[in-house]
Structure formats: structure tokens, C-alpha cells
Amino acid sequence: MKAADILALKESALGEARTAGTAEALEQVRIKYLGRKGLLPEIMKGLKDADVSERPAMGRYANELKQELAALLETRRAAVATASADAATEAFDPTLPGRWRALGARHPISRIIEDAIRIFDNLGFTVADGPDIETEYHNFDALNTPAGHPSRDTQDTFWLESGQLLRTQTSPVQIRVMESRPPPVRIIAPGRCYRRDTTDATHSANFHQIEGLYVDKCVSMADLKGDITCFARRMMGADVKVRFRPHFFPFTEPSVEYDFSCHVCGGKGCRVCKQSGWIEISGAGMVNPKVFAKVGYDPEAVTGYAFGMGVERIAMIRYGIHDIRLLYDNDKRFLEQLAQ
Amino acid sequence: MKVSLNWLKDFVAVEASPESLAERLTFAGLEVEGVTRIGSDFKDIVVGEVLSVNPHPNADRLTLCDVATGRETVRVVCGAPNVHAGDKVPFAAIGAVLPNGMKIKSAKIRGEASFGMLCAEDELGLSEDHAGLMQLPRDIPAGTPLVDVVGGPDAVLTIEVTPNRPDCLSILGIAREVAALYGLRLNLPSIQFPETDPSAEGLKVAVEDAEGCPRYTARILKGVTIAPSPLAMRLRLTRCGIRPINNIVDITNYVMLECGQPLHAFDLTLLKESHIVVRRARPNETMATLDAVERKLTPDMLVIADAQSPVAIAGVMGGVQSGILDTTRDVVLESACFKPALIRKTSKTLGLSTESSYRFERGVDIRGVDWASRRATALMVAHAGATVAKGVLDCFPVEPEERSIVCRFDRVRDLLGIDIKNAEITSLFEALALTVVDCDKKSCTVKAPTFRPDLEAEVDLIEEVARMHGLDKIPAAAPHSRFVQGVNDAFIRATITCRDALVGLGLTEIMNYSLVSEKLLVLCDAARTGQRIAIPRPISADQAILRDALLPQMIETLGRNRSRQIAEAAFFEIGRVFFRNDQKAYTEEEHVAIGLMGPAGRTGFEKRSATAEADSFLWLKGILEALCRKLFIRVDERPAGRDQPSGLAFQELTEADPPPALYDLGCFEKSRCTVITLDGISCGVVGLVRETLRREWRLAEPVAVLEMRLAPLLERVTTVPAAERLPVYPSVARDMALRVNNRIRHGDIVSAIWKIAPKELTTVELFDIFTSNEIGIGFKSMAYSLTYRSGDRTLTDDEVNRLHESIKDRLRSEMSVEIREG
Ligand SMILES: [Zn+2]
């Protein structure tokens, strides 16, 4: 072997190191030339057998080969590492669409009912329930609305063959609860009600109400106003105002209707509230002593308030729904818009 | 109830603007639904006399009229069809401004000059009528200011009168409220008329049903001239929604609007034998009412009859046969009081509601009956030239007593939650024309007049205080928490948990009507018609049956969404279903239904792959399993231990074991559904919708649905889970791949494994399933991963291998499976 051979070896080693594109290839080059059984240690081993005149140059060249190749491998290794990191970075595309499962959505009517339950939970109300197929007694007679009472006209009823009926209101739950326990009573009763209304933008043959009833010693109209106002603010927003107008219901006396200030215009008047600044919600009042007498409560010992509210109405106001039929149309896009 | 403000002012001198009066009434319980302004002061509008009418040379529909205006004669181009020489019509002079803002100028119309305008009622803001010119009485001199003829500006308040206040179905009743609210005096018209012989006794009145008719009065008026009633009266009637007919009929209506007492006028000569009998209708009697309908009468209806036959349905409508004609000379004027329930029933039965029946149903003032009769008589004397026979026939056997009601002042304050002085309370009563007697420091006694049938008890008086004092003066008490012994609402709260879980699983809640069409139900399942509850006389065929299952509407809803380009949906509904139980009694219970359409459940690119039957089914099954886990129902392929509930399981639907009657099995593909059991009790069905049904809504891809009873699903929701010790020693996994016949199901394999499992076997998990040429036709490869763990030591590899091999051996020997090695 001559010095020139070492020079040639060096060239090919450096050449291979330059072209090696991966960390593995660089390692192969290192092992080929500098490894324990590599070409360079071979040369070094054979040095003692070489021509004496060639020996110094060979030693120097071999050393150079070792140094330069090691240095080049080092540089190349760094370069290759950077390049592969860059490639991975390039391949990583954070702008691809995220992967997620559908969120699901509560129906707006359930949502309103559940919100109401939560609000009244805080005031110590429990939730009562009653059948949709009711007796005439619970739906009318016990609520001081005997046959022939004009109030029956305003609630055109689905009568069934059996003489039972589809409840026109959730108020019969008041009777069922009071029949089953002594006072005090503090309940709300959400549920489905039915009236013979032809379906249109504001009417539906079935709809939902939430009934409220509080009976105890010394319940007053001031309590009714306070609790309904509290509900209004929690349901519709802190600056909602509530107003009460005298009205008539057979099972409450005095009776009121109550309105919420219009959430759209804040009470200034707009199309939604027909320029009045108010939106009619529902009726309420102090339980008529005749109703207490029917369920065996002593009207001298207790007083109470009762209220009802139309769930569809609240949903329509809260979500700006203009047609009640949308609530029963169940278009997925509509329901997902209102998912909360 | 429509109230003309000008008419109201005859009774009470209220100065407030219509709008502020409306607000005040609304907050006193008489909700004013609308205020319509009418007319104006009609400056520069006078009565014009049409002297001549000539055709317009250039227009067929226009005429050239010469009109005398009192000061001059002017030429007006007129477009009305009803203009004739001699007419007296409203004439708006140049410079006049009509109530709608239109200003009258001189103009050339189709080449002819016009100096003013002849007006129709709508142009004057008097009504909606635009049929032609407003015709004024011909005896009014030309040039009379129109305001002197039709009155000044007016407003009509439309008031919603609640059923407890029949007294407010009258101008007088509203006037009483206004007087009380504004502290004004009520002015009643003075009524005077001369009476002449012979007396009214010539007419015979017999009340056979005194309970149905507690008071009946009749007066006889002779020599009337039937003619239009005075313009002012006609205008007031029109404003209040009643069409003028003739002076006699108009006066009865006018007085009804004024005081709330319906009246009826008969032609005396048409009453057989001058006889009036108030009785029940006889079986099979019929009568033609004024609206020219032949009515079948029944014995529960009260009629007014002559000696032969009914002449009016009491309190509802008169008959054609005895009605007022243009030739009528002698009139019997009826003013009576009928039992409200009776009139209501009659009106309902006949489907005939009139202004009269509406008032009788709610109750008229029995003491006001004769006042109304006298008022109408005086008006008939004035406007129909009547002479009045002496006296009145008044059948009024039992004079009602005024009710005395005790009102305790403290009770008022307690119930309303306000601080109000005793004297304030009594003065509110007095303002309402209630007489206060026996007043002391604690209470007072109030006499309720007969026109206030709603005042029965103390609480009714408290209501009067509330509305007259003002609800706005009742403070809103600070809400306070008060926990009383509650009702058991566990089921409702569990339902909320269930809904939460389903929403959490990515499902969208829907709500369908409880009333459905028979067609839909039969389409889905024709076999169950017997137990369904039909609505008698349904509003429409779409809402004729109470639903006995949620699935039909679930599938319909999916179809409706699909038709709107929505390819994927995962819906659930929680709702009540209704059916007849085995004893035929109406029953209702809560169900839950779930429906999946398209690649629901998958994310991202997975959605691109078409939905295979099995996929849809398994996604739905997975949702059910997750839901059950959430509700603490055991979901485990491992057989339950001795004291353990079996939890969720599926049971094949077989002919031998008839399916539970509660579910719409007809919705399913027979071989693609299975019964859901919870703790061994079947409570629902899950499967794929049959293709023939899907086709109804063009649902091309598989649709998986389930319906089940809600109650069993919620039974364990309140479970409090117990913390168990976590395993201390590591587990070891071993796989096995089986080549099995397609007939063998995963469930068979898993239960076989568990049946022979050593106690160290912890889990069995299917991780791959495939078919290939190598596996062979009719076979599949199923790969399971089994984990082993011991509770008291670390298992060695040898031990695990031994356990695993023994399971393989037994599988091989007990089932026709082949264990694939390597
Ligand atoms: Zn508004």
C-alpha cells in the first residue's frame, strides 16, 4: 500500500459521507471506515509492513482521513437531523379539520323545563307529575270549573270515549299533589297539555306548561310576585322586568296575568312585542279557597299561590322562534342551532 | 266587547285620552286589546245635497254632480256607484283634511274640473265601508256641519271581558268601572214615556219553567212605524260591531249594548192567541231561526212559544215566523232572565252563539231586567212612534237577596302582602257601588249588588281591593328558599340524567306530537290497532290517534330530515305513549326511542364509507350499552354471578316466544332485530327498519332504531358505586385466533370461554374479525385477546400459557372451532 492509496481512500470516504442522506447511512459510512473492523484500522495495522519512505506520509494521510471523516460525519449528522426534522414539520398540517364526535343537543322545550327545575330547586321546590289522560274532576271540577262554566269554553277539550280527557292544563297536578299530602306544599309540575286548537304559527294541539304551587301559612301575593320575578331574571336575564295585570281564572282569586319586558328591545317597543315593550307569559294567582275545600285543606289555616307558564312561549321568546311548529318539526339543523 | 268612548261618556264624564283609559282599564282587569280612533272634528265637511247627476264625457265610471253645500252650488266629479239626485251626502270642501290625512284641492279629473269631494264612510274614518257614498238622512239641511250629524271624533276600545264579569259586557258596566277608577259620578239616562189603555194584560204570559226562566217581562207597544233607526244610533251600533236593521231591532240591540240585557221584539199579531209560554221544547219540535236555519229542538232547550209552537229559542235567537217585519205595527217587547247553564247548553248543542246567548250564559242582572225594558220602550216611543200599553207583565216569583259578605281587613293585608288602611279598603268598595255596612276595626260587611254575581266570598272582595288599589303597589317579596317535605321526584330527575347521557353520547333530542295519524301508525305496524286510543271527532286526520309508540314518528322524522339533504342524524325522543291495557283501561307510560341514519357516530373520513347494516346496528347497540353503563345497569358479556343482576342482554325474537305487545315490531326487518332485556325482563326492541318502510321516505341506507320503556332503564340510576381495590399484580395478555363457521356467533364463543374460564381469566376482548380465501367460504376468523391476572401473586409465563392452552383445548373439543396458529 502506498500513500497515494490512502489519499484515494480518503476521497471515497469523504464522498460517501457527503452523499449519505440519513443518520443510518452516515453510521454505515463511519462503521465502514472508522469502525473497529473498518478500513482505517486495517491501514493502521498494515503501516508497519509498508515501505519506510512511504510510512511518514501514509501515517499523516491516515490521520487526516480519520480527522476529516470524523468531522465531516459530525457535520453531516447534524445536517441530516435538521433535514428530517424539517420534513416531519412540513408533513405536520395543523390546519386539517379537527376530529370530533357529534355534541348532541337537548330539545329547546326540555332545556327550558330543566332550567326551570334548576331555578326552582334553589327555592326549595320539588317536581311533581301527573297523567296526560286526566279525569274531568281533576282537570275541571276540583279546580272550581264545573260543567257549564264559561271558562271551559276557552279550553276546548279533547274528550275521550271513556269520559276522561286529555288535560288542558297542568293545574290538575296541583289537585293530585294536595290530595296526597297535608300542607305545606312547594312544587312545580312541568308537563304536556292538549287543546283542540288547529295547528298554526302560534297554536299547537299539544304544548307544555310548567305549573307552580306553594301552599303554607301566610303565603301572600307579594311572595308570588317575588318568586315569579326571580324566575324571570334567572330564565331570561338579570334586567328583565315583570308586570302583573288582574285577570280571571276559576281556581285562583285574586288572579293575575304576568308579562316579561321584551328582551329584544329592552322594553322600548319593537315588532316582537307589538310595540308594547311587554310580552305576555301566562297566568297566576292566589289559590281559591274553594279549591282548598275540594282537597280537604282548611282555607282559614293556609293560603297559597299558583302559577302556570307556557314552555313553548318562553322557548319562542328566548330563542327568537317565530313559528311554534318549528319546535315539533325536528329539523336537525334547527335543533343543533339551539344546542346549549 | 267593543266600547265607543263617546257612548261611554254619556254615562261617565271621563276626560282621559283613549290610550290612557285603555291602560287604566287593563290594569284593573279589563284588558283592552285594541284602540281604534274614529272620525274627526270634520272641519270644512258639511252635508251636501246632490242636485243633479250627469255622465262624465270622458269616463264611464265617473259622474259630474252639482252639489248644494248650503252656501253655493259646486261641481264635483264623483266615482261612487250610488249617487243620485236628491241624496244627502258628506261633502268635503276645498281645504278640508280627511282623517286619513288626504287634503282636498280643486282638481281636473279626466278633463273635468272638480271642486270638492263626496265621501264614503271609510274616507271619513267612520268605518271600513267603501261600498259607496255615505247616505245621510234627507231631512238634514244642506250645509249642516257633518260633525253635528255624525258626532265628533270617537274611539272604540276592544275589551276582553273575563267570564266572571258579565256586568262588563255593557257600556254601563264599563262606565261603573271607569267611575270607580277615576272617582267620577255615574249618570243614568232618565226614562219617561206615557202609557195608554188598554193595558198589556191582553197578552197572556205563562212561565212553565220558572227555574229556567226566573224572570220574564213583556210590554206591548202599538202603532210602531218600522223605519231605519236614527243615524247616530246606527253609527254607534256599527262601531260596536252590530249591523243596523230597523228601528225596533236596532233599539233592542242598542239597549243590550248599553246595559247588557238582551231584549227581543215579537210581532204581536203573529203570536197565536196573544199567548206567550216559556217552556221546554217538545220532542221533535222544530223552528226556523232568524238566520233562516231550520233547528231541531230537544226537551232540554227552553223556548218561548205562542199558543201553538215555539217562536224563539229562549235567550239564543228568535224565530222567522214571529219576527219584526216592515209591516209590523204592534210589538211585544221581551226582557227576561234565563238560567245561564241552560242557555249555554242550548247554544252548544245548536252550535249557535249570539250576542244574546253570550250574555245569558254568563248571567244578566235579574234586577236590571225591567230597567232595560223601560229604556227600550222610551226609545221606541221616541224613534218608532210607539204608544205603550199600560203596565208590564212581570213574572218574577222570587226576588233574589243581595249577598252579604264579611271582609276581614287583616285577611286583605295578609293575602296581598300589602299595608293598606281599613278606610282605604272600604272606600275602594264604595267606589265600586258596593254598600258597606257594619264596619268595625276588624272587618266590614259588604252587600254585593245583583249585577256582580262574581262577588261570592271574602276572597272576591280581596280581589277587588287588589285590582282597584293596583297590583303594582303590591311589593315583590324577596324570594326565599323554603324546603318543605318534597314530593318524590326521583323519576323526573332520573329522566334528566338519562337525557344528559344521551346528549353526551352525541344524540339530538326530538319532540313529536302526541296525536298522530292513523295512516302512519298502520303503515308502521298494522297489527296493533286494537289497543290504540282514538280521539273522538279529531280536528284533522293527522291528529286522530294517541300514539302508542315513538318509533313511527322517529322514522318519519329521520325521513323528513333526509328529504332536506341531511344525510346523517342520531336522534332520540323521550315521551309518553298511550294504549289500552289488558283490562281495556287507558294507560300511559314513558318510553325512549333512538334512531340512527347515515354514518352517525363516526367522525372525519370514516363518514365517507357507506353504512353497512351491521355498522348501523352496532353503533346503536353501543349507544345503548353506554347509556346503560351511565345508568348503572350492568353491561358485561361475562355471565352474572349468583347475587348479581344480569343487566343488559339481548334475546332473540322467536315465533314460539311471542314478542312483548308494547312495541311496534312491524317497523323492523324481521331477521334484523332483537329484544332488549334488562335484568331478564324484556323491555324494548332494537334493530333495523324494514326496507319496505324505509322506502316510504326514500331512506336508501340502513336505519337502526330502538324503543324501550323508560322506567326499567332508570331503576338503578341512584346507585352509589362502591370503590374496589385496584389490582396489585400485573396482568398478562394472550391472543387466540379462531376459524369458525359463520353460523357461530361472537356471543356463543364468549359465553363458551367464560363457561370454562379459570378464575385468573380477567377479560375477553374481540380485536379482529375477517374473512378471506384462505379462511374459506362460510367461515370467518375471529381473534380474541384474553387477559389473566391473579389477586395474590404475579403469574409466571408458564402458568399463563398453561391456562391459555387449556381454554383452547376445551374450545376445540366443545365447539366446532379451529384454533389458527401463528
Ligand atoms: Zn320589543
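How are the donor residues of the zinc ion spaced in sequence? They follow the pattern C-x2-C-x4-C-x2-C, and the views below begin with this site.

This is a predicted model, in which local features need pLDDT of at least 70 and side-chain atom pairs count only at pLDDT 80 or more, while totals for chains, interfaces and linings use all residues. Residues are numbered from 1 along each chain as its sequence is written, chains are lettered from A and ligands numbered from 1 in the order in which they are written, and side-chain values use heavy atoms, with hydrogens and water left out.

View 1. The zinc ion is coordinated by the SG atoms of C262(A), C265(A), C270(A) and C273(A), at 2.2 to 2.3 Å (donors are N, O and S atoms within 2.8 Å of the metal, or 3.2 Å for Na, K and Ca). The arrangement is tetrahedral because the 4 donor atoms subtend angles of 103 to 114°, four donors counting as tetrahedral if all angles lie between 85 and 135 degrees. C262(A) is buried, with a relative accessible area of 1%, and C265(A) is buried as well, at 12% (buried means under 20% relative accessible area, with a 1.4 Å probe and protein chains only).

**View 2. The ring pair of F120(A) and F307(A).** Over all chains the structure holds 13 aromatic pairs (rings of Phe, Tyr and Trp, the last by its six-membered ring, pair if their centres lie within 6.5 Å, and planes under 30 degrees apart count as stacked, over 60 as edge-to-face and the rest as tilted). The rings of F120(A) and F307(A) are stacked, because their centres lie 5.4 Å apart and their planes are at 25°. This pair links distant parts of the chain, with F120(A) in helix α5 (residues 108-122) of chain A and F307(A) in strand β9 (residues 303-310) of chain A, 187 residues apart (helices, H or I with at least four residues, and strands, E with at least two, are DSSP runs numbered from the N terminus). F120(A) is buried at a relative accessible area of 1%, and F307(A) is buried at 2%.

**View 3. The ring pair of F244(A) and Y258(A).** Here the ring centres of F244(A) and Y258(A) are 6.1 Å apart and the planes are at 35°, so the pair is tilted. F244(A) lies in strand β6 (residues 242-249) of chain A and Y258(A) in strand β7 (residues 252-261) of chain A, so the pair ties together parts that are 14 residues apart in sequence.

Technical notes:
Tetrahedral: all angles 85-135°; square planar, octahedral: opposite > 155°, others 65-115°. Buried < 20%, exposed > 50% of the residue type's maximum accessible area, 1.4 Å probe, protein only.
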